[in-house]
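This report describes the fold of a single protein chain. Please keep the sequence and the model at hand while reading.

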Amino acid sequence: MKKAKNIIKKMTAGLVKSCKKLGNVHVLSRLVLIVAAVMIVVAGVVVMFSKPARQAVMEVVSPEHHTVIEVKSGDTLSKILSAQGFSINDINTISKNLKKDADFATLRAGRDKFDFVRKNENEPISKIVIENGPWNRIEIDCGTPDVWQCQKIEIERDTRIAYKEGEIAKGSSFYLSAMNAGMPEGIILDVYDLLAFEMDFERDIRAGQKFYVLYEENYASNKKVDNGRVLAVSFDALRGNVQMFRYVKENGHAGYYDENGNGAIKSLKRTPINNAKVTSGFAGKRKHPVLGYTRAHKGVDFRAPTGTPIPAAGAGRVIARSFNRGHGNFVKIRHNATFETLYAHMSKFAKGVNVGTMVRQGQIIGYSGSTGLSTGPHLHYEIIKNGVHVNPMTVKLPAIDNLDAKTKPLFMEHKKMLLDKMALLKANPNMVVRLSDDAEQPEKTDNQKSKK
Ligand SMILES: [Zn+2]
């Protein structure tokens, strides 16, 4: 560098000297010469500094060579590796190490990808990267022969929260209106499940009803990868505003709760009448006591003297209050998209219970009797799950989970935080907001966040 400076100095000095010698020449010619001198100096500097600069550029574009193989149906690890020239011995070692060090056993067609990396096109493979789902990557080190060290790398998940609001359009469903509001399908289906015990998405939907949903979006390196969980829902239903909030209790169990901290998922009772004795269980086939031939018993019979009040097994809407030859007087309740219950052989119905009536859990819907095909007073009780009769005694039912007095104040704080985030995102739709952010001082851009 010093040498270069000296050369420039000498060149400049020489030019200045020659300019001085040309003392008598016209002023304009002198100016031209000076400009020329400056240009020569600049050119010299450019030449001297461009050489190392070009080398630096060469290093950046050094051509790391990638061969990317997407796993197809029928592919095996050994098939993919042998196609890249790995020996049987190496394949066996890699396979063993993948299981041992990276907990990797099966390839998923259409999802997993192999990236065989070479330092440049002429070098042997130096690394194998298996893209194993959006949040996992396995790297196999091919640097030391016969070692094949495998390492599972978890991709850092940056969970941000998104907010969408919408309104039921005239003649439209919640599903379509939510799609129009830009809500992802998976989130819409989660909202269905969440509110299913509170409202009937077929009959309780009216144009103009507004809904608000807060949910997670998972990012990796500033790119959205997938959606997470629903964090909060608010729905202006027929019977008023329904709200649900996701809350993680101290024991780590997460659940959804309404604005008062009551469990969002309401359950059904296996035995609507407390302490009633089962006289006949659920059976795929049994000899019918009246008909005499073998047919399925699609419910459970409980001993109940005539006139015993029959409570609804869960909240829902009465969809049948009728009589038929088999069931006698019966009531059918739809609880949500999944569950219906049926109560048969009633002596009479409860007052005010009609088709369309919304009943709460425990509300008396009728009184036991022996109407229809029955040998004596009892309650015949059915649970229908997704249109199929299931055994009320064994079917897996959602758990009732209300928050206790100690947890409720913590939940209320969390609920306020979620509502604040909703308001924040409603006012600033493009703001990057995370659950862990302080709602009072939200970070405005990606750049600011990355400093953390
Ligand atoms: Zn029965």
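## Overall composition

The structure is a predicted model. The protein contains 8 helices and 22 strands. Of its 452 residues, 24% are buried. Among contacts with a separation of 6 or more, 57% are between residues 24 or more positions apart.

## Nonpolar cores

The largest nonpolar core consists of 32 residues. Val-213, Leu-214, Tyr-215, Ala-232 and Val-233 have the most contacts inside this core. Two or more residues each are contributed by β6 (158–167), α5 (174–180), α6 (185–195), β7 (210–220), β8 (223–237), β9 (240–248), β10 (254–257) and α7 (408–427). The largest share, 5 residues, is that of β8.

Which residues does Val-233 contact, leaving aside its neighbours within four places in sequence? They are Val-191, Leu-194, Leu-195, Val-213, Gln-243 and Met-244. Another core, of 24 residues, lies apart from the largest one, and Phe-330, Phe-349, Tyr-367 and Ile-383 are among its members.

## Helix α4

Helix α4 comprises 15 residues (residues 88–102). At 1.5 Å a residue the helix should span 21 Å, and the 20 Å between its end C-alpha atoms agrees with that expectation. Ile-94, Leu-98 and Ala-102 are buried in α4. Seen down the helix axis, the buried residues of α4 fall within an arc of 40°, and they therefore line one face of the helix.

The face of α4 turned away from this buried side bears the exposed residues Ile-88, Asn-89, Lys-96, Lys-99 and Lys-100. What do the buried residues of α4 pack against? Their partners are α3 (77–83), β4 (136–141) and β5 (149–154).

## The five-stranded sheet

An open sheet is formed by 5 strands in the order β1-β2-β3-β4-β5, with antiparallel pairing. Strands β1 (65–70) and β5 stand at the edges; each has a single partner strand, so one side of each is left without a neighbour in the sheet. On average, neighbouring strands of this sheet are turned by 20° against each other, direction ignored.

Within the sheet, β3 (residues 125–131) and β4 run antiparallel and are joined by 5 bridges. Val-129 stands opposite Glu-139 in β4. Helix α4 packs on the sheet, where it touches β4 and β5, and the direction of α4 makes about 40° with that of β5.

## Positive phi angles

Most residues other than glycine have a negative phi. Three positions with positive phi are described here. Asp-103, which follows α4, has a positive phi near 55°. Trp-148 is not a glycine, yet its phi is positive, at about 50°. The phi of Asn-222, likewise a residue other than glycine, is positive and near 65°.

Trp-148 is placed in the loop between β4 and β5, whereas Asn-222 lies in the loop between β7 and β8.

Terms used. Residues numbered from 1 in each chain as written. Predicted model: local features only at pLDDT ≥ 70, side-chain atom pairs only at ≥ 80, totals over all residues. Core = buried A, V, L, I, M, F, W, Y, C linked by C-beta atoms within 7 Å. Buried ≥ 20, exposed ≤ 12 C-beta atoms within 10 Å, placed from the backbone. Helix = DSSP H or I, 4+ residues; strand = E, 2+ residues; numbered from the N terminus. Contact = placed C-beta atoms within 7 Å. Expected span 1.5 Å × (residues − 1). Arc of directions from axis to C-beta. Pairing = 2+ DSSP bridges. Axes fitted to C-alpha atoms, helices over the stretch in contact; angles between N-to-C directions.
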